[in-house]
Amino acid sequence: MRADFDALAQIGATGNGGVDRPSLSPAHLEARAWLRSCIIDSGLEFRSDGAGNHSAYLPCGSQGAPILLLGSHLDSVPSGGRFDGPLGVLAALEALRVVKEQGLSLPFHLEAIDFTDEEGTLVGELGSGALAGTLALKALDSPRGGRQALEAGLQRAGLTEAGIFSAQRDPTGLAGYLELHIEQGLRLMNVQAQIGIVTSIVGISSYRLAFLGQAGHAGTTPMEDRHDAGLAASVFNLAARELVMREFPGCVANVGQIHFSPGAFNIIPARADLALEFRAPDAPILDRLEGALLARARDAAQQFRLELIYEQLDRVLPAEMAPVFQAAIREAAGQLGLKAIPLASFAGHDAQALAPVCPVGMLFVPSVGGISHSPRELTHWEDCVYGANTLLNAVIRLGGKNIKTE
Ligand SMILES: [Zn+2]
């Protein structure tokens, strides 16, 4: 697994310890091709689907048994780290190799899967959403990364929009989905735990907002006569922070992009476009936060005599991890003598897309300094191995449990 990890980290390497492999970029396609040959070299069956998901398949159950999916993603954010995604894919692949070498039979078949576009440089949880049938058509019409980028990426990968939806699987054929991932936070490090047992994944909602004002001469228009869209964007950004900190503990909000048009030193901004994203631990709170944020945006528009338009881009509901998966992870970690603690995930993961159709579970390993989505992302190798061993042992333990009813 170490050799695989190091080889994969070379693809799209940025020279400062990170990788730059946005979804369906040439570097990401190279990583996918590498995985494909790695699967074939391991003597496992290679499978792919219309959404570009790549898998290693190991028939280790009886005929007609459902498939337990293990996996993660090989795409990265722009200038991201080596561990976010690849660790889960390679640990899943390693688990299949061990089960194959040991000739174990389980009540399910195993599939190690690399989901397409988890990070959302194009759409976000694209491959997992397509497989689960939870991907909305709208997500492709108005994707986070823009239509052009999506079309170009699909073309590079030889994929089509119609093909994406053909990746949907019958849920009765799925025993569940289990993923190893880095924590991307500090909670495990803070208590010196090696394993995080994920209890739920927060819900995430994203919006595009635009304040519409009037362009004007930046010198000759009196301050009180301006319809300055830039001011509303600034006020809203600060108001969103204060709102969450005062009234929504346990939630987060982010304005990740503000674009002023026409965009010049001497022109009053006629339009400000904002990218807004916010997260909450359960659906009712996500709804309340959404209402409160939009009210703040309307207030900002009114204050500066502007029009406000907005559209929701995506809404991923909070996902509960199946108790049977949490138990298997806890028991596996205990058996290996590792300290494991329960925690919620504030980052989105493919398990969210799959949660509506099958039982899902996740385990985390510590992130040094809590740093992620950065070339400085680091998980000590021994923790990676602890995570992979816990994943493998949890899979074997799941073999002794009744996943669908426990
Ligand atoms: Zn990830």
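**Pockets, cavities and a zinc site**

Let me begin with the lining of the largest pocket, whose residues divide into 15 nonpolar, 17 polar and 11 charged, where Ala, Val, Leu, Ile, Met, Phe, Trp, Tyr, Cys and Pro count as nonpolar, Asp, Glu, Lys and Arg as charged, and the others, Gly among them, as polar. What you see above is a predicted model, in which local features need pLDDT of at least 70 and side-chain atom pairs count only at pLDDT 80 or more, while totals for chains, interfaces and linings use all residues. Residues are numbered from 1 along each chain as its sequence is written, and side-chain values use heavy atoms, with hydrogens and water left out.

A pocket here is an open set of points on a 1 Å grid over the protein atoms alone, with protein on both sides within 12 Å along at least five of seven lines, whereas a cavity is a set where a 1.4 Å probe fits but cannot get out, and lining residues have an atom within 4 Å of a point. Points are joined across faces, edges and corners, and a volume is the space filled by probe spheres set on them.

With that in place, the largest pocket has a volume of about 1,100 Å³. Its lining is made up of 43 residues, and those nearest the centre of the pocket are Glu119, Arg144, Glu277, Arg279 and His373. Two or more lining residues come from each of β7 (203-212), β8, β9 and β10 (307-316); helices (H or I, at least four residues) and strands (E, at least two) are DSSP runs, numbered from the N terminus.

The second largest pocket has a volume of about 410 Å³. It is lined by 21 residues, of which Thr134, Asp314, Arg315, Val316 and Leu317 are the closest to its centre. The elements that contribute two or more residues to this lining are α5 (137-141), β10 and α12 (350-354), and the largest share, 5 residues, comes from β10. By class, the lining of the second largest pocket holds 12 nonpolar, 5 polar and 4 charged residues.

The largest cavity contains about 40 Å³ of space, and its lining consists of Val123, Ala139, Ser142, Pro143, Arg144, Leu313 and Asp314, which by class are 4 nonpolar, 1 polar and 2 charged residues.

For the second largest cavity the volume is also given as about 40 Å³. The residues around it are Leu35, Ile39, His54, Ser55, Ala56, Val89, Leu93, Ala112, Ile113 and Asp114, with two or more of them supplied by each of α2 (26-41), β2 (54-58), α3 (86-102) and β4 (109-114). That lining divides into 7 nonpolar, 2 polar and 1 charged.

How do α2 and α3 pack, and at what angle? The angle is about 10°, with the axes 11 Å apart, taking axes as lines fitted to C-alpha atoms, for helices over the stretch in contact, and angles from 0 to 180 degrees between N-to-C directions. That makes α2 roughly parallel to α3, a label for angles under 35 degrees. In the contact (heavy atoms within 4.5 Å), Trp34, Leu35, Cys38 and Ile39 of α2 meet Val89, Leu90, Leu93 and Arg97 of α3.

Next, the metal site. The zinc ion is coordinated by His73 (NE2), Asp84 (OD) and His181 (NE2), at 2.0 to 2.1 Å, and the spacing of these donor residues in sequence is H-x10-D-x96-H. His73 and Asp84 each lie in the loop between β3 (67-72) and α3, so the pair ties together parts that are 11 residues apart in sequence. Donors are N, O and S atoms within 2.8 Å of the metal (3.2 Å for Na, K and Ca), and sites may look incomplete, since water is not among the atoms.

I close with two backbone details. The peptide bond from Ser261 to Pro262 is cis, with omega near 0°, and Pro262 lies in the loop between β8 (252-261) and β9 (271-280). Leu24, in the loop between α1 (2-9) and α2, has phi near 65°, a positive value in a residue other than glycine.

How values were computed
Parallel < 35°, antiparallel > 145°, perpendicular 65-115°, else oblique.
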